[in-house]
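Dear colleague,

I am handing over to you the structure shown below.

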Amino acid sequence: MIYTPSPLAIGIFAAFVLAVLGLSSFFAKKTTSAQGYYAAGGTIHWGVNGIAFAGDYLSAASFLGICGMIAFDGYDGFLYSIGYLAGWVVALFLVAEPLKRYGKYTFTDALNYKYNSKGIELAAGISTLIVSLCYLIPQMVGAGALVKPLLGLEHHWGVIIVGCIVIYIVATAGMTSTTYVQFIKGGLLIIFSTILSAAIFVNGINKKPYDNFRELQTISATLSAGKVSSIGSSDYTLAGEVDSGDKKYVKLQRDGIFTWWSTILVEGETQLKEALFITTTEDGRELYNGAPKEEQRFFQVGNASKIVVDGQEVDKTGSIGPFKFLSTIKQSEIIRFTKTLFIDGKDKVVLWYQTPTSGIDIMRPGLKFKVDEGATFLSKLNFVSLMLALFMGTSALPHVLIRYYTVPSSKDARKSTIVAISSIGFFYILTVFMGLGAMVTGVIDLQSSNMSAPLLAKYFGVVLFSCISAIAFATVLGTVSGLIVASSGAVAHDLLTNYFGVKLTDKGQVRAGKISAVCVGLFAIFLGIIFKGINVSFLVGLAFAVAAAANLPAILMMLFWKKTTAQGIISSIFVGIVASLGIILFSPSIYLDLYKTTATAPIPLDNPGIIAIPLSFITLVVVSLLTQKKGASSQ
Amino acid sequence: MGGHGPSTDWGVDHASDYKAKLGVYMFLVYVVIYAGFILINVLTPKLMGVIIFAGLNLAIIYGFGLIVLAIVMGLIYNYFCTKKEDELNKEGAGK
C-alpha cells in the first residue's frame, strides 16, 4: 500500500522527535556516574516512575500490536491486554519490593545478592541480553510500521531512524532521560487514546464508512465436474483456478489485469468473492491486486456487512456509548479477511479472502486461538501457553525490572507499580474500542495489522493521526532506549565488570555501557528489518515467554525457596532460554511468517510458555536439591 | 565484585515480612480468578458468549473485570502495606 505523507504530519512528527532529543541532551549533561546512567541516581518520584513504567510497557506491542490484532481477530487480541496487565500482579505482589531491596543497577545484582556467584552473573547477563533483543525486535518492527503511513517511507527506513535516534539517546544520557521521556509519552499516549476512543463513539458504526470506500464485488459462477465453467459477468473472462487447502480460488482477467476470487457456496449456488492478493512473479516482481504497487489497486478494507441495533437492522448507528458500541458489534456481522498462500504456475500468491464473521464470534475468544469449534488439544494448549507466558513474563522483563532501581525506596517501588497498573489497565480497556473501531471503519491495511490504530486515527483527521503516530513513535523510541540500557547494563556491568572482572573506573563503566548500547542498537536495526510484517504483539508474546522461562523461576525461587542454590539458578536460566528459543524457532507461525514456507513445523506449538516455564522451574528444583551443601541450606 | 548494597539506603523495614505474606495471599487470589478465565475458555468456551448484562457477554465482563480487579487489589495492597509500614517502622525507630 502506498501512503502520501502530509506536511502537517511531518511537522508534528519532527517537532516531537526534536523535543525528545532536546530532553535527552538536557539530562545528558547531568549523567556522569554509573549510578546515574543505569538507575537515574535512584531519585525519580514514584508517580513519575509509575507513568514511565506505562510509557515503557505501552510500547509498540500494545498500541500497534494489540489494536491490530483486535482489528483482525476480534476478542483474541484483547487476550493479550488481559495477560499483559495480569502480569503486573506478579510484579506488584511478589517481585517489586524484594528486588528493589536486594539490587543496585540490574536484576542480576538482586538475583546474585545471596550467592555472589560468577555463574549467576554470566547466566543472568546473557539472559538479559537475549530477552532484551527478543523484545527489541517487535519495537523495531513497530517503528517501521509507523513511519510508512506517517512519512511515506519504507519499513526499513523507520527501523533505521529509530535505531539511530535511540542509539543517540542512550549513548548520551541513560536512564534519567529515558525515564522522563517515557513519563511524558506514556501520559500523552493514554490521553490521545482516550480522545481516539471518544471519536469512535461519536462516529458510530456505518456499513459504508466513508464516501469512496471500496465495496467488494460478488459474481455468480457455474461449476461442472468440480471446475468453474462459466461466470455471471461479461466484464471478466476465466483465466484459471487453483485448489488450495479446502478452498478453490479462481483467476479472472479484465483489461489485461488478472484478479483472484475465492469461491463459496450460498444456498446451492456458487459465488465468486473478490479477494485481495499480492503475486510474486518468477522474476521477483510484486503485483498488488494484479498491477504494480504504484497503480494503487491494493485498497483498505474492513466494514460491517450487517448492523443490528436492538434487533433492528440499520445502515448506520450514529453516535453511541461504549457499552452500546460493544453490544452492537456483538449483534452485527463484520467482513474480516483470512490470509492464505498458494502457488499458481511459477507465481507465488499471498491472498486474503473475505470471511464474514458474526459479532458473537468476534466478541469472544476463538478466531485466532481455537478454543471452541475446530479446536484441538494442541490449539487449546497454545492458548493456555500464551496466557501463562503473558502472566509470568512481565515481572521477568529486564527493562521493567531496572525501573525499580530508579526510585529511592521499596515503598516507592510499590507505589509506582500501582500507578503503572492503573494507567496501563485503563489503556488496555481502550484497546478493545480502538481495535474494534479499526475493524469496522474501512481503514485496515491487510499487509500489516500493526498499522490499524494509526490508520484509524488518520480516518479522524491528519492532526489526530500525526499526534498519535508521533507519540507512538516516541514511545517506541523510549521503550527501545530502556531495552538498550538494560542490555548495555548486562554487557558492561554484569558481564564485563562483574563476570570477567575488568577493572573500570566509574566513568569507564559508563563508557563501556554506551559502547555496548551502540552495538546492541545496530543489531536491533538488523533484526527489525528482517522481521517486517509480523504482528508485534505476537512477537512480544514470544519475548514474554523467553523472559518468563529464563528469569522468573530464578527470581521467584530465590525469593521464596530457601533451598535454592546458585547452580540451580544458573541451570534454570540456561534451560529456560534454550527451551523457549528452540520451540519458537521451530514453531508453525515462525515457519509461515519468517521462513515464509508452508512446510510443516516440527514443533506444533506457537508459544513455548507451557513447556519452557515448567521445565525451567523443574530444572531449578532438581539441580538445587542435587547441589545442597551438607548440613545446611545454600544460604 | 558481585554483591553490593541497594541503590539507596533507607533503613530497616520491619514490615517486610508482613508485606511479603500479604503479597503472596493476594497473588494467590488473583491466580485463582485468572485461572478460572483460562479454564472456562478451554473447558466450556460457549459460556464466554453468554450475555451477562447490557448486551455484554461473559468474555467482555470477565476480561474487563480482570483488569479492574488488578487495579483494585493493587490499591488495597498498598493501603495495608502503608498502614503496617507506618505502624511498625515508627515503633522500630523508637526502640
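**Overview of chain A**

Chain A contains 22 helices and twelve strands. Please note that this is a predicted model. With a radius of gyration of 25 Å, close to the 26 Å given by the globule rule for 635 residues, chain A is as compact as a globular protein of that length. Along the principal axes, its C-alpha atoms fill a box of roughly 85 × 55 × 55 Å. Of the 635 residues of chain A, 60% count as buried. Considering contacts in chain A with a separation of 6 or more, 77% are made by residues 24 or more positions apart.

**The six-stranded sheet**

In chain A, six strands make up an open sheet in the order 2-1-6-5-4-3, and their pairing is antiparallel. Which strands stand at the edges? They are strand 2 (227–231) and strand 3 (237–244) of chain A; each has a single partner strand, so one side of each is left without a neighbour in the sheet. On average, and with direction ignored, neighbouring strands of this sheet are turned by 40 degrees against each other.

Strand 5 (residues 257–266) and strand 6 (residues 269–274) of chain A are joined by six bridges in the antiparallel sense. One facing pair is A:Val266, which stands opposite A:Glu269 in strand 6 of chain A.

Strand 7 (residues 276–280) of chain A pairs with two strands described here. Over three bridges, strand 7 of chain A pairs in the antiparallel sense with strand 8 (residues 286–288) of chain A, and A:Ile278 stands opposite A:Tyr288 in strand 8. These two strands of chain A form a hairpin with five residues between them, and A:Gly284 in the turn has a positive phi of about 90 degrees. Strand 7 of chain A is also joined by five bridges to strand 12 (residues 347–358) of chain A, the two running antiparallel. Here A:Phe277 stands opposite A:Leu351 in strand 12.

Strand 12 of chain A is in turn joined to strand 11 of chain A by twelve bridges, again antiparallel. A:Ile334 stands opposite A:Thr357 in strand 12 of chain A. Strands 11 and 12 of chain A form a hairpin as well, with two residues between them; A:Gly345 in that turn has a positive phi of about 65 degrees. Strand 11 (residues 333–344) of chain A further pairs with strand 9 (residues 303–309) of chain A, in the antiparallel sense and over three bridges. In that pairing A:Asn303 stands opposite A:Ile335 in strand 11.

**An enclosed helix**

Helix 18 (residues 536–550) of chain A has 15 residues and reaches 21 Å from its first C-alpha to its last, close to the 21 Å expected at 1.5 Å a residue.

**Contact between chains A and B**

In chain B, 43 residues are in contact with 54 residues of chain A. Helix 1 (16–43), strand 2 (56–57) and helix 2 (58–94) of chain B are the elements that give two or more residues to the side of chain B that touches chain A. Helix 2 of chain B gives the most, with 15 residues. By type, the residues on this side of chain B divide into 25 nonpolar, 14 polar and four charged.

With kind regards

How values were computed. Residues numbered from 1 in each chain as written. Chains lettered and ligands numbered in written order. Predicted model: local features only at pLDDT ≥ 70, side-chain atom pairs only at ≥ 80, totals over all residues. Helix = DSSP H or I, 4+ residues; strand = E, 2+ residues; numbered from the N terminus. Expected span 1.5 Å × (residues − 1). Pairing = 2+ DSSP bridges. Contact = placed C-beta atoms within 7 Å. Nonpolar A, V, L, I, M, F, W, Y, C, P; charged D, E, K, R; others polar. Axes fitted to C-alpha atoms, helices over the stretch in contact; angles between N-to-C directions. Rg over C-alpha atoms; globule rule 2.2 N^0.38 Å. Buried ≥ 20, exposed ≤ 12 C-beta atoms within 10 Å, placed from the backbone.
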